[in-house]
Amino acid sequence: MVIETKQEKIPSYSVIDAIIYKHNIQPGAVIPILQEIQEEYGYVPGAALVRIASSLNIAVSEIYGIVTFYSQFRLQPAGKFLIKVCHGTACHLNGAERVASVLAQVTGAKEGETSSDNIFTVERVACLGCCSLAPCLSVNDEVHGRLSSEDVGKVLDQYQESPKAAAIE
Ligand code: FES
């Protein structure tokens, strides 16, 4: 199995400015701008907060408030593997809390956190769009479904033992 890991990009003002200008420097476009910046870097760098604030003439504290209010945004780089735990209705009814609990035990990271070795970042999501596989989670967008408690550890082992993951360290 080929496992793609995310590599961290260095924040660049030219890239950040291009995203801001693409949205016509409109204060109402703060959320799409932040989403695009996070898409680019995997998180919202502090430099982007300052740049957006000065370009849109909004206080940095206001941008910070938006980023910390919405759980979709991260202010720190994610780990090598981004795990999204589904808590939609089907997954909730089929054991999403159990999956999240086992995941926290195995990785040491609760939802919204990154493991201390920076390997796994765990996020809570509303639906992964594959409800027939409930309960499920995704790792870097690869879905794993019908998970028993034992399966959670086995899924993570696949990634920790990935040669590609080791090569990037
Ligand atoms: S509810 Fe979990 S994938 Fe839809």
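Predicted model: local features only at pLDDT ≥ 70, side-chain atom pairs only at ≥ 80, totals over all residues.

Residues are numbered from 1 along each chain as its sequence is written.

Helix H1 covers residues 13–22, and its buried residues are Ile-16, Ile-19 and Ile-20. Helices here are DSSP runs of H or I with at least four residues, strands are runs of E with at least two, and both are numbered from the N terminus. A residue counts as buried if 20 or more other C-beta atoms, placed from the backbone, lie within 10 Å of its own, as exposed if 12 or fewer do, and as partly exposed in between. Seen down the axis of H1, the buried residues fall within an arc of 100° (taken over the directions from the helix axis to the C-beta atoms), so they line one face of the helix. An α-helix has 3.6 residues a turn, so residues three or four places apart point the same way. The face turned away from the buried side of H1 carries the exposed residues Ser-14, Ala-18, Tyr-21 and Lys-22. The buried residues of H1 pack against helix H2 (30–41) and helix H3 (46–56), and just after H1, Asn-24 takes a positive phi of about 60°.

The largest nonpolar core has 20 residues, and those with the most contacts inside it include Ile-83, Val-85 and Leu-103. Such a core is a set of buried Ala, Val, Leu, Ile, Met, Phe, Trp, Tyr and Cys residues joined through C-beta atoms within 7 Å. Two or more residues each are given to this core by strand S1 (81–86), helix H6 (96–107), strand S2 (120–125) and helix H7 (149–160). Apart from it lies another core, of 13 residues, among them Ile-33, Val-44, Ile-52 and Ile-63.

Thr-114 is found in the loop between H6 and S2, and this residue is buried, with 21 other C-beta atoms within 10 Å. Leaving aside neighbours within four places in sequence, Thr-114 is in contact (C-beta atoms, placed from the backbone, within 7 Å) with Gln-76, Ala-78, Gly-79, Ala-109, Phe-120 and Thr-121. The C-alpha atoms of Thr-114 and Lys-80, which are 34 residues apart along the chain, are separated by 9.6 Å.

How values were computed:
Contact = placed C-beta atoms within 7 Å.
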